[in-house]
Amino acid sequence: MSKKEMSRANMMLTESLPKVITKMALPSVISFIITTVYNLADTFFVSSLGESATAAVSVNASLDQFIMMAGSMLAVGAASYTSRLLGAGDKKRADQVLSTAFFLAMLFGGIIMVLGLSFKVPMVRLLGATDTCERYSVQYAEYVLLVAPLMAANFVMNQCLRSEGSAMLSMIGMGIGGVLNCILDPIFIFKLGMGVAGASAATAISKTVSFVILLYPYIMRKSILHLSIRNFKFVKNIIIQIVSVGSSSMFRSGLAVVSAIVLNNIAGAISDSVLAGIGVSTKIMMFPLSIILGFGTGFQPVAGYNWGAERYDRVMESYRFSSKVAVIGSALMGLLIWIFSKNLIIIFAGSNQDMIQIGMLCIRLQSLVMPIHGWVAVVNMLCAGLGKAKGAFLLSTARQGTCFLPIAYPMAWIWGADGIASVQAVADVITLIFAVPLMYKLKREILTLERNRQEVKAL
């Protein structure tokens with residue numbers, strides 16, 4: 001075992017869990033925040049071009065989610081498996097998992113790029129573009145599609161760096177790309193006069209830079225895991241392990257695309273103002289949700305590593321700490337966003353009262369139920385970290401799938417624009433129906449395994 005591996009094992013298995021989880025989560029939270037900020041930067045700068053241009057960026061958020069589908073299944077599945085393999089001391093297989101996921105992500109991203117560039121107009125119409133924002137949507141999609149393979153691979157490298165405990169390297173890669181995007185946006189949009197296409201070009205360049213930075217530690221052997229075409233192993237065991245856990249993330253991303261398309265089409269049928277208001281409020285809410293996701297991403301490899309090492313007591317302790325932090329932190333964030341909801345929406349809406357009204361309602365309702373989302377996210381990450389594919393799938397598909405889609409059209413039909421703004425908050429509450437019994441069952445399993453371990457140890 002190398003010094004890096006010994007240091008990681010010591011950190012994961014002996015150090016204070018609040019300290020370890022905070023150490024793992026902080027870089028992840030920062031990188032997610034930066035990513036959210038540059039997504040908001042696109043919307044902020046483009047909003048000066050009019051509500052149709054703003055609506056186009058909202059529509060193309062679904063394209064980003066679709067590309068994420070290509071990488072997230074492989075990334076989350078690979079990260080979960082590599083954490084458990086490293087905990088069990090099987091580094092060779094962990095290297096194979098990383099390399100297989102990386103090259104498959106490049107392939108899937110390439111397929112999306114070719115299909116998207118070949119059918120640009122039908123694609124943006126499917127994503128919810130209206131007649132007035134179709135032209136802007138196509139302009140934004142072009143540059144993003146060109147870097148789809150790199151974006152998909154970024155997810156894999158990012159997650160696997162975190163799984164091995166190198167969260168700081170992951171943060172640097174994502175963070176520098178995000179800061180660069182914020183700098184390039186006004187230059188490309190206004191200085192070079194590229195408009196909406198400029199925002200897309202800035203995003204493409206930032207994603208490329210992130211790819212190079214994330215690849216560097218793997219190529220230069222600065223990471224524990226090694227990336228190489230020679231480690232690519234398209235074998236049954238690896239594929240099943242990656243897909244079984246990672247499919248939950250893929251379906252989550254896929255349902256996020258479907259739910260966004262549904263909302264875009266319902267909102268767009270009312271007006272571009274409602275479409276833009278829903279889109280902007282969704283991007284604003286990505287800020288607190290990215291913090292929750294970043295914290296959960298820091299918790300997941302800690303739980304997975306200790307599960308692989310059969311330290312079930314630390315698995316349970318890590319869950320208790322993480323759930324408390326998630327609920328309390330979510331409640332505080334929700335309160336702050338509720339108070340400043342009008343100020344936040346006005347930044348993007350200006351004097352457009354329809355955008356302000358629908359945006360405020362959407363933001364405030366989601367803020368109210370944010371503690372629920374925080375706790376469910378921790379349970380979801382616990383399932384993923386332990387390789388509990390069915391539980392991870394159930395919770396990943398609940399928020400924007402099984403608890404969202406059945407109520408979207410009825411709520412819009414009954415309450416119109418207000419119903420559209422309320423759908424996500426109501427769906428978050430309904431997810432408790434799945435999360436509570438799932439966590440009860442999982443807790444019993446973990447405690448039983450720990451009792452058995454203690455009994456064997458006592459013999």
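## The second largest pocket

The second largest pocket holds about 230 Å³ of space. The model it belongs to is predicted.

Which residues line this pocket? They are L63, F66, I112, L115, G116, M123, L126, L127, V257 and I261. By type, the lining splits into 9 nonpolar residues and 1 polar, with no charged ones. Four helices each supply at least two lining residues: α3, α4 (91–118), α5 (120–126) and α10 (236–270). Helix α4 contributes the most, with 3 residues.

## A61 on helix α3

Helix α3 spans residues 51–87, and A61 sits in it. Is A61 buried, exposed or partly exposed? A61 is partly exposed, because its relative accessible area is 25%, while buried means under 20% and exposed over 50%.

A61 and G279 are 218 residues apart in sequence, yet their C-alpha atoms are 8.5 Å apart.

## The nonpolar cores

The largest nonpolar core has 87 residues. Within this core, V156, Y319, L382 and I446 touch the most other members. Helix α11 (residues 272–308) gives the most to the core, with 13 residues. A separate core has 51 residues, including A41, C133, V147 and A412.

What does Y319 contact, leaving aside its neighbours within four places in sequence? Y319 is in contact with F299, W375, V378, V379, L382 and M439. In soluble globular proteins, nonpolar side chains tend to be buried together.

Conventions. Residues numbered from 1 in each chain as written. Predicted model: local features only at pLDDT ≥ 70, side-chain atom pairs only at ≥ 80, totals over all residues. Heavy atoms only, no water. Core = buried A, V, L, I, M, F, W, Y, C linked by side-chain atoms within 4.5 Å. Buried < 20%, exposed > 50% of the residue type's maximum accessible area, 1.4 Å probe, protein only. Contact = heavy atoms within 4.5 Å. 1 Å grid on protein atoms, 1.4 Å probe; cavity = no way out; pocket = protein on both sides within 12 Å on 5 of 7 lines; lining within 4 Å. Points joined across faces, edges and corners; volume = space filled by probe spheres on them. Nonpolar A, V, L, I, M, F, W, Y, C, P; charged D, E, K, R; others polar.
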